[in-house]
Amino acid sequence: MLFRFMLAVALPGAFALSGFALAADPLPVLVIHGQQFEPRELALLAGTKLKLVVRNRDALPAEFESYDLSREVLVPANSEVTIYVGPLEPGRYQFFNDFNRAMQGTVVAKRN
């Protein structure tokens, strides 16, 4: 009985701590706002596979596309998607919104 009580108390706390740790992890975020990417140049760590959050705050959908990164993903209006990039060699990688090619940006992969 004591074991069940301790399990009931400890498990939710463990999940809460786990969620907190994940929320505290710094994820690179690329924001679409006012028909622009912010920032236009995003620095990432070379040689590491990373999650990249693309957050669309505009009322129009966007399509994040990069030939250099081999990524193409629809980002609905007022929502976000998570994509994985890398591991990247040091260098510059262009991306754009396929629905509005004037929206462009660059990922810069740098060594630590």
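## A partly exposed arginine and its salt bridge

R55 counts as partly exposed because its relative accessibility is 26%, where partly exposed lies between buried, under 20% relative accessible area, and exposed, over 50% (1.4 Å probe, protein chains only). The structure is a predicted model, in which local features need pLDDT of at least 70 and side-chain atom pairs count only at pLDDT 80 or more, while totals for chains, interfaces and linings use all residues. Residues are numbered from 1 along each chain as its sequence is written, and side-chain values use heavy atoms, with hydrogens and water left out.

R55 forms a salt bridge with E80, with 2.6 Å between the closest N and O atoms; the term denotes a side-chain nitrogen of Lys or Arg within 4 Å of a carboxyl oxygen of Asp or Glu. Strands (E, at least two residues) and helices (H or I, at least four) are DSSP runs numbered from the N terminus. E80 is itself partly exposed, at 42% relative accessible area.

## The other salt bridges

The whole structure contains 3 salt bridges. One of them joins E41 and R92, whose closest N and O atoms are 2.9 Å apart. This pair links distant parts of the chain, with E41 in strand 3 (residues 41-45) and R92 in strand 8 (residues 91-97), 51 residues apart. E41 is partly exposed at 46% relative accessibility.

R101 and D98 also meet through their side chains in a salt bridge, at 2.7 Å from N to O. R101 is partly exposed, with 45% relative accessible area, and D98 is partly exposed as well, with 25%.

In strand 5 (residues 62-66), 5 of the 5 residues are buried. Cover is found on both faces: A62, F64 and S66 are buried on one side, and E63 and E65 on the other.

Strand 5 pairs with strand 6 (residues 71-75) in the antiparallel sense over 5 bridges; pairing requires that DSSP find at least two bridges between two strands. Within this pair, F64 has V73 as its bridge partner. The hairpin has 4 residues between the strands, and S70 there takes a positive phi near 55°. Strand 5 also pairs with strand 8, in the antiparallel sense over 2 bridges, and E65 has F96 of strand 8 as its bridge partner.

## The nonpolar core

The largest nonpolar core has 22 residues, and those with the most contacts inside it are F37, V54, F64, L69 and V107. Such a core is a set of buried Ala, Val, Leu, Ile, Met, Phe, Trp, Tyr and Cys residues joined through side-chain atoms within 4.5 Å. Leaving aside neighbours within four places in sequence, the contacts of F37 (heavy atoms within 4.5 Å) include L30, F64, F95 and M103.

## Backbone features in the loops

Most residues other than glycine have a negative phi, and most peptide bonds are trans. The peptide bond from E38 to P39 is cis, with omega near -5°, and P39 is placed in the loop between strand 2 (36-38) and strand 3. G86 and P87 are likewise joined by a cis peptide bond, with omega about 0°; P87 lies in the loop between strand 7 and strand 8.

Q35, in the loop between strand 1 and strand 2, has a positive phi near 60°. N78, in the loop between strand 6 and strand 7, has a positive phi of about 50° and counts as exposed at 55% relative accessibility.
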